Amino acid sequence: MQYFSLNKTAPDVDFKEAAVRGQAPDKGLYFPRRIPTVEKEIINNITNFSKEELAFRIMLPYVGTAIPEKVLYQIVSETIDFPFPLVPITENISSLELFHGPTMAFKDVGARFMSRCLGYFSRGQDKKVTVLVATSGDTGGAVANGFLGVEGVEVIILYPSGKVSPVQELQLTTCGQNITALEVKGSFDDCQAMVKDAFMDADLNAHYSLTSANSINVARWLPQQLYYFFAYQQWPNQQELPVVAVPSGNFGNICAGLLAQASGLPVKHFIAACNVNDAVPEYLRTGSYQPKKAVATVSNAMDVGSPSNFIRVMELFHNDHTDISKHLSGYTVSDAVTEQTIAGVFNRYHYVLDPHGAVAYHALADYLYTHPGMKGMILETAHPVKFPETVSAATGKEVTVPPEAQYLFSRKKQRIVMEPSFSGLKEWLLQR
Ligand SMILES: N[C@@H](CCOP(=O)(O)O)C(=O)O
């Protein structure tokens with residue numbers, strides 16, 4: 001498999017080089033030259049496949065010969081070594097729970113896959129790989145956990161000061177070892193811009209082998225397709241296809257779902273469920289795409305004003321607004337409605353949504369109301385315990401911390417505070 005840069009002025013590369021570089025030298029995102037077709041035999045008999053076999057068959061064409069098949073099988077098996085249950089909430093809405101991994105968010109899949117690939121690629125290399133990653137909440141913890149102790153790789157996480165939840169902050173600031181956290185006095189978009197500038201800087205590239213662990217990196221982005229296939233394995237009526245509502249911030253997750261659909265996964269329709277940071281729903285409504293300055297919300301992981309992966313969504317549909325709109329609807333959900341949704345779903349169905357899942361639930365319920373007879377699922381992207389204040393206030397009940405997360409509260413936060421400027425980041429990196 002070859003990958004091309006969406007800025008179209010850098011040479012094509014294979015999976016290894018795309019993963020090791022993160023971003024193309026012309027600052028473009030890598031995109032697969034061709035979209036592999038998932039064999040009909042797999043789709044028609046999907047319940048006969050184990051999760052591991054399915055994951056291996058989906059990822060193999062994207063990885064090509066960059067990793068031996070036996071090693072790839074091992075990597076995908078370790079990546080998905082936890083449950084992905086599809087839980088019914090109402091008669092026509094189910095929740096695909098993606099929070100049963102080590103950091104209780106969907107990012108564990110991409111982070112675990114990428115860390116293992118990078119660990120494999122950096123074996124026997126003298127030069128350490130430095131992963132720079134920006135987070136609005138969940139990516140940071142997942143990447144910290146996925147890369148902790150990986151030989152030959154160090155991770156530097158940039159997160160926006162005061163804009164991630166306390167559990168998220170503990171997850172990304174308490175690992176130590178090869179993980180360093182930088183608290184940036186700005187927004188997620190500032191963090192992401194600083195990281196992207198670093199990849200293009202000649203001095204930094206002379207000192208470091210830099211890569212990204214955001215979904216701009218194909219090794220982080222592509223495995224996010226897997227749980228859409230796991231959802232279809234559990235979907236009860238494969239004649240009546242699901243509408244899938246995805247809480248969307250940087251748009252890597254929904255773009256992976258759209259890619260899975262383009263490769264043959266049966267899905268009725270996708271919904272990009274956003275909070276008020278809604279540049280993409282706005283584009284779907286008006287045909288004009290205008291990145292916005294991000295504002296803070298209760299669904300903080302989606303507080304992204306300029307979603308990196310929107311360009312990949314455009315590429316999938318050849319920049320055709322009419323075609324995109326056939327496959328994808330956008331919704332904007334306010335904090336007040338998010339909180340009412342958590343309360344309403346808890347009171348009526350005894351299901352506890354996190355704020356991101358609640359945004360998706362509201363959008364899906366609204367869509368199904370105007371499309372009677374359809375059924376759908378939300379991607380429940382994070383555990384409610386990551387947002388205890390919002391969830392407890394809405395449900396009137398304490399959120400119980402799962403035993404596997406309790407250790408976090410005895411750990412000491414360690415981070416370096418930084419202004420939101422690339423020159424500050426550069427100076428710090430060069431002085432280390
Ligand atoms: N929602 C993210 C923002 C970064 O997204 P990514 O998928 O590109 O890593 C977060 O939780 O950090």
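Helices (H or I, at least four residues) and strands (E, at least two) are taken as DSSP runs and numbered from the N terminus. The model described is a predicted one, in which local features require pLDDT of at least 70 and side-chain atom pairs count only at pLDDT 80 or more, whereas totals for chains, interfaces and linings use all residues. Residues are numbered from 1 along each chain as its sequence is written.

An unreviewed entry assigns "domain: Threonine synthase N-terminal" to residues 2-79. This span is 46% helix and 8% strand, and its end C-alpha atoms lie 23 Å apart. In an unreviewed entry, UniProt also places "domain: Tryptophan synthase beta chain-like PALP" at residues 97-364. For residues 97-364, the content is 46% helix and 16% strand, with 16 Å between the end C-alpha atoms.

The annotation "modified residue: N6-(pyridoxal phosphate)lysine", from an unreviewed UniProt entry, covers K107. K107 is located in helix α5 (residues 107-121). Burial is assigned from C-beta atoms placed from the backbone: a residue is buried if 20 or more other C-beta atoms lie within 10 Å of its own, exposed if 12 or fewer, and partly exposed in between. K107 is classed as buried because it has 31 C-beta neighbours inside 10 Å. Contacts are defined by C-beta atoms, placed from the backbone, that lie within 7 Å. When neighbours within four places in sequence are set aside, K107 is in contact with D138, T139 and A142.

A further buried position is A134, which has 29 other C-beta atoms within 10 Å and belongs to strand β5 (residues 129-134). Residues up to four places away in sequence being excluded, A134 touches L158, F188, C191, Q192, V195 and N214. The C-alpha atoms of A134 and K292 are separated by 18 Å, the two residues being 158 residues apart along the chain.

Strand pairing requires at least two bridges found by DSSP between two strands. An open sheet of 6 strands has the order β3-β4-β12-β9-β10-β11, with mixed pairing. β3 (86-88) and β11 (328-332) stand at the edges with a single partner strand each, so one side of each has no neighbour in the sheet. The twist from one strand to the next averages 25°, where axes are lines fitted to C-alpha atoms, for helices over the stretch in contact, and angles run from 0 to 180 degrees between N-to-C directions.

Within this sheet, strands β4 (residues 93-97) and β12 (residues 375-380) run parallel and are joined by 5 bridges; E97 stands opposite E380 in β12. β10 and β11 likewise run parallel, with 5 bridges between them, and C274 has T332 in β11 as its bridge partner. Of the 5 residues of β11, 4 are buried, so this strand is largely enclosed by the rest of the structure. Helix α13 (residues 279-286) lies across β10 (269-274) and β11, running at about 120° to β11.

Helix α7 is mostly covered, 7 of its 8 residues being buried. The buried residues of α7 pack against α6, β6 (153-160) and β7.

Backbone geometry was also considered. Most residues other than glycine have a negative phi. Q177, which is not a glycine, has a positive phi near 50°. Q177 lies in the loop between α7 (166-173) and β7 (179-184) and counts as exposed, with 12 C-beta neighbours inside 10 Å. N319, also not a glycine, has a positive phi of about 55°. The loop between α14 (310-316) and α15 (321-327) contains N319, which counts as exposed with 11 C-beta neighbours inside 10 Å.

Notes: UniProt positions are given in the numbering used here, feature names are shortened, and annotations may be inferred rather than shown by experiment. Two residues are in contact if their C-beta atoms, placed from the backbone, lie within 7 Å.
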